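Hello,

Here is the structure I promised to pass on. Please have it open while you read my notes.

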Amino acid sequence: MKPKGNINENWRVSNENDKISEYAFEEVTEDEFNCVLPSSPNWYCNNILHSYNGYFAFGGKNACFIFDMKKKPPICTWSMVGATFSIRVTAVSLLSTFEDPSKEPDMLAFAAEDGHLKVVNIANKTTVTEHKKHMAKITSISWTHVNKTTIISGDEKGVILVWDFVNKICNVWTPLQTMLTYISSSPHSADIAAFGYMNGNIILGDTKKLNILHTFKNHINEVCHISWHPFEGDQFVSIAKDKTLRIYSTTDKILRKSFTTPRNIGSRNNSNKNTQQTSKPYFTVLWLDNDRIVSSFPTGELLSWDINSGKWKAITNGHNRIIFCLRKDDLTNQLISVSMDRMILIHKTSNLKVVQRIPTFGGFVYSLSSVPQDPHRFAVGVGDNTIRVWSTGDQADPYNSASIWHSIKTKVTVIQYHPTKEGIIAFGTEDGHVGCYSSITQKSDVSTSYHKKTVYALEWGPCSCSKEEQEDEKVKVNCLYSVGGEGMILMHKLGAFNQKAVDIGALIKKHNHITSPPSRSEIKWHQSYQFVAIGNEDGTIDVFDAPYLTLLGHIQAHKKIINSIDWHHDFTADLSDCSFWIASGSNEETVCVYDARSICLQEKSSIKAITVDTPYQILTGHSSRITKVKWSPHAIGVLASSSYDGSIQVWDVKKNEGLGNYRGHLGRVHCVAWSYVSSDVLLSGGEDFCLHRWRYTETKDKMPPSSKSKQSKTRKKKKKDAPEKDGESKKELIQTDEKPPEESSKPATLEEASNQQPSQKASQERTTVKDYSNVNGVLSDDGVEFVEQLDGKHRGKKPKVSLLKLSSIADSKKKELMQEDCINLATYLKAESTKLGSGCEKAGITPGSEEHVNLGLYTDRKGVFTMLSTESQNHKESGSIDKYNHLQIWQNSIPAAIEHAVKNKCLNDSLVALSPLGGYDLWLSTCMKYAEQLEERSNFSMAANYYMMSGDFNRVINMFKANNFIKEALTFAKSHLPKGDPTLTELYLLWAKKLSNENSYENAAECYLACGHTDDAITMLSKRNDANAIMTALKVAAIYEMTEKCDQLSTKAAKALLQEQRWSTCFELMKERPALPMINKIQLVVGEILLDYVDRKQLLTLFLEDTDNHQTHRCFSRKSKLVDLIVACTTPPTGVFYILNFALSFQ
């Protein structure tokens, strides 16, 4: 499998012809390459990366990481949990408090989504100082060495805090009340900073005086990044989502230059990608040197801009998705970039070519797999819906990795390399699917048979068959066995994934005549493929013979669900003592090693299921459940185990001693694997989204911190532990929040994959570790707090409470008391079988009574009823009304249950539904009482239903009326009362009055019309006194032929229309109403002339200066029809002047 891109630089041999810089990197040998593949830098955070003097830091999920760039290749030297589990780190900054700016950073500042800003000491990981003055998500922080004691931070509400973290002085400033997107302090001036905002504005501010020096309003969309000139302090460049780069002068306070990013660059051979294809385009910019600026393109390329010419050059073969941040390290003269493709790239600044790729993870590291045929290659199952293949033996690129995502739609919870066929990786997912991927053909095949729940175990093995099928003489490892959360094992044939998978559980049940087999949780084949061990949810391990799966024996290993099984290897010659050792881990805190020799070496002619209940060794030390056990392939009896306590332990099984304990993870550990090349190298992954490569011979501790864990466990046991949910799985899944904000509504939360079915007494016990320490300078003790936070969430779950509380308590008595109960029960049953009714006297007990309530279940029906009576009385006294009612119903005492519920006003639908069993009268009274109860609780709609069931319609109407639901009362009455019922008229009038008070005159008029009160309806319609309302009333009066009303409303409507200057409507009204007084018609004509054709002042001047009738007639010549009407109605010239004056006075 080839890595992405072509990296020509050799990290072990210096290339004199193409030097990255003059800096002399410290070569890291393969033996020293203990590294961490970290979690992905958080998306859409433009301050998530920072570099300073040979180091770069970033925030991934809720943790911070620091890489040493002075080493070749760069390695992770520091990490720390920065926030609670569900809160992301949003910004980081390396700090140096030394006067000499060339010294290494000694502090790290980071901000979180909850508004928390903290400064920690890198050397000892202690908190120097912190504050939580922000009331919103912190979007950006900024620090420069010219003002080394001050950190500037901003949040989504636009609040800026200038924090002197040494003197602990914090100044609050809000220059603009909108979301602040970026802060960039000047590296040349101590008190100058540029602030970018969501609306595109950039404010140049004085952070000491807290005033605005200038506001640049050139961008029209969100400002993504700002970068200062590296040598001149009066210039900076910005880039925004409007796809423009703009260079500003702080001296002249002007925009000097502007560049527009290209629409497409044609960088891919398969397509020309452009910003329009990106759902959420994002940009970043960095002023690299005097004449060169580097910006990002939404499809992952870098654009190198020549400032003088404005031309750009695309740099490909880097990222393939959005780049969120660019930073330059001045000491090593390198450029660092982080992207949505979950890669951290290091570039040469001279030509921007990639010299190093560091893969990162966007989800839990669930599973690891490697095989001796390709010992340098590890497959990693990750919760970001991918499989990563890491080639640790690549001399040119030790971080060489490839991502596999074809046909994978959910989290990859388990993977397994094929033991003999090269490059075939099997994978199981959270949604229950099983598939294979070939790294040679680069194709994947998903089985058509799938599990109902999450896949937790995969194993390659030979085909299992029934005795009726023919067995092949040669063993072929051509089948994939998968175990799902529902407890089933399926066998998928390689190359025939489109065929139905074989249910191994049914095969075992049929062949071994097992009536009720346990739910399965794990499977592991012996190296010889003659035996297979299957772990169960009840903590046992069954061993079967191949290929017919004949049961050879049981191993009573644990009491809780089996999480992991591993047979001892056969790679060494002398295996006389341990060739059949089986190591197992469960939800318990111990690792057990059993010798299955007596089970496996039985004579086939006389096979008998043997039970082994004595372990060879019990390895104690972990303080939480075991997730994985793995034998070392290099030594005999060396075992590694990973645990939820956040550590990995290496054991010498024969001596029952610890060889090393690694505590570098920042949370619970899911998987561990040995390197087939180096005898002391292991890889491990967990819930911190990280994959660690480490040596157990270099660990500081030899055993887990059991002493403090036990103390913690003792304290916690004083509190009542919440039992597991029914069907809780052996492993837990957590949703990631690495999707962009618009793609995920919520941030990531802990999620139990409830896919298993443990026994009723199995409870998940979690304890925390409080003594983590640094190992080889990589990571330390912060996983403790992380584990405590997760455990706290689970303890908050409410346990399920049984209806039979007293019986449950009695069944949990001490063993001695339970043994005495068994004797009493046997005496009672024996006496009852001899003579009915003599059991109580003979045994001296009354089954089901308060003293022996639990024994009522094991006797006759009378005893059960006595037990139910005792239990129900206890619930009644304790106020558990619902539980009391349930048990009364079980005793067929339905009237008593209903009577008690009515008395306590706790009737419900179930009791009403059961009431017909007590007769019609009981049902009728129950409906009425329940309706009254619902009415008291203001549930009127439900109460109406139950009043209806009892036939009391008037009660429904009165209930709605009393509570001012007139419309509902009227609707119900119309649908149930006969036409003409006076109640209807009463309701209509009542509703009309209510609507009138609310100024809903039209609705009130409808009510009056419905009940026959036409006059009231017309009065209500004309109440608004506008033309439309009066015209509506007029039309209603005309419909009912109310002549007198029509005449009154016509005059009123004409005046209203004249006032509103609606001439045409008024003319239509005159045509329809010929009896309209003439004066209204004259007012209409003159008013239209005056307002539409003649200026009022001109007309008055005309009357005063020139009274010639001929000229006056000419003024109205535009409307000859109207003039004719005026002349016809009056005698000129006196009449015209009279009419005009009258009209003027009217207007």
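The model is predicted; local features need pLDDT of at least 70, side-chain atom pairs count only at pLDDT 80 or more, and totals for chains, interfaces and linings use all residues. Residues are numbered from 1 along each chain as its sequence is written, and side-chain values use heavy atoms, with hydrogens and water left out.

Confidence

Mean pLDDT (the predictor's confidence in each residue, from 0 to 100) is 80 for the chain. Of its residues, 79% reach 70 or more. Residues 1-21 stay under 50. The model gives that stretch 50 contacts beyond four places in sequence, a contact being heavy atoms within 4.5 Å. Residues 1090-1147 are also below 50 in pLDDT. They have 61 contacts beyond near neighbours in sequence. Where pLDDT is low, the predicted coordinates should not be read in detail.

Helix pairs

Helices (H or I, at least four residues) and strands (E, at least two) are DSSP runs, numbered from the N terminus. Axes are lines fitted to C-alpha atoms, for helices over the stretch in contact, with angles from 0 to 180 degrees between N-to-C directions.

Start with H12 (residues 920-936) and H13 (residues 940-949). Their axes come within 8 Å and cross at roughly 160°. H12 and H13 are therefore roughly antiparallel (under 35 degrees counts as roughly parallel, over 145 as roughly antiparallel, 65 to 115 as roughly perpendicular, the rest as oblique). The crossing is left-handed, that is, the near helix is turned anticlockwise from the far one by less than a right angle; clockwise would be right-handed. On the H12 side the contact includes Trp923, Cys927 and Tyr930. On the H13 side, Phe940, Tyr946 and Tyr947 are among the residues met. The contact holds 12 nonpolar, no polar and 2 charged residues. Here Ala, Val, Leu, Ile, Met, Phe, Trp, Tyr, Cys and Pro count as nonpolar, Asp, Glu, Lys and Arg as charged, and the others, Gly among them, as polar.

Next come H15 (residues 966-976) and H16 (residues 982-997). Their axes come within 10 Å and cross at roughly 155°. That makes H15 roughly antiparallel to H16. The crossing of H15 and H16 is left-handed. H15 contributes Ile966, Leu970 and Ala973, among others, and H16 residues include Leu987, Tyr988 and Trp991. By class, the contact of H15 with H16 has 9 nonpolar, no polar and 3 charged residues.

Sheets

Two strands pair if DSSP finds at least two bridges between them. S14 (residues 160-164) is joined to S15 by 5 bridges. Asp164 has Ile169 of S15 as its bridge partner.

Another open sheet of 4 strands runs S40-S41-S42-S43, again with antiparallel pairing. S40 (455-461) and S43 (502-503) stand at its edges. S40 and S41 (residues 479-484) share 6 bridges. Ala457 stands opposite Val483 in S41.

Backbone details

The Lys72 to Pro73 peptide bond is cis, with omega near 5°. Pro73 lies in the loop between S6 (71-72) and S7 (75-81). Ala546 and Pro547 are also joined by a cis bond, with omega about 0°. Pro547 sits in the loop between S46 (541-545) and S47 (550-555). Lys243 is not a glycine, yet has a positive phi of about 65°. Its loop lies between S21 (235-240) and S22 (244-249).

Best wishes
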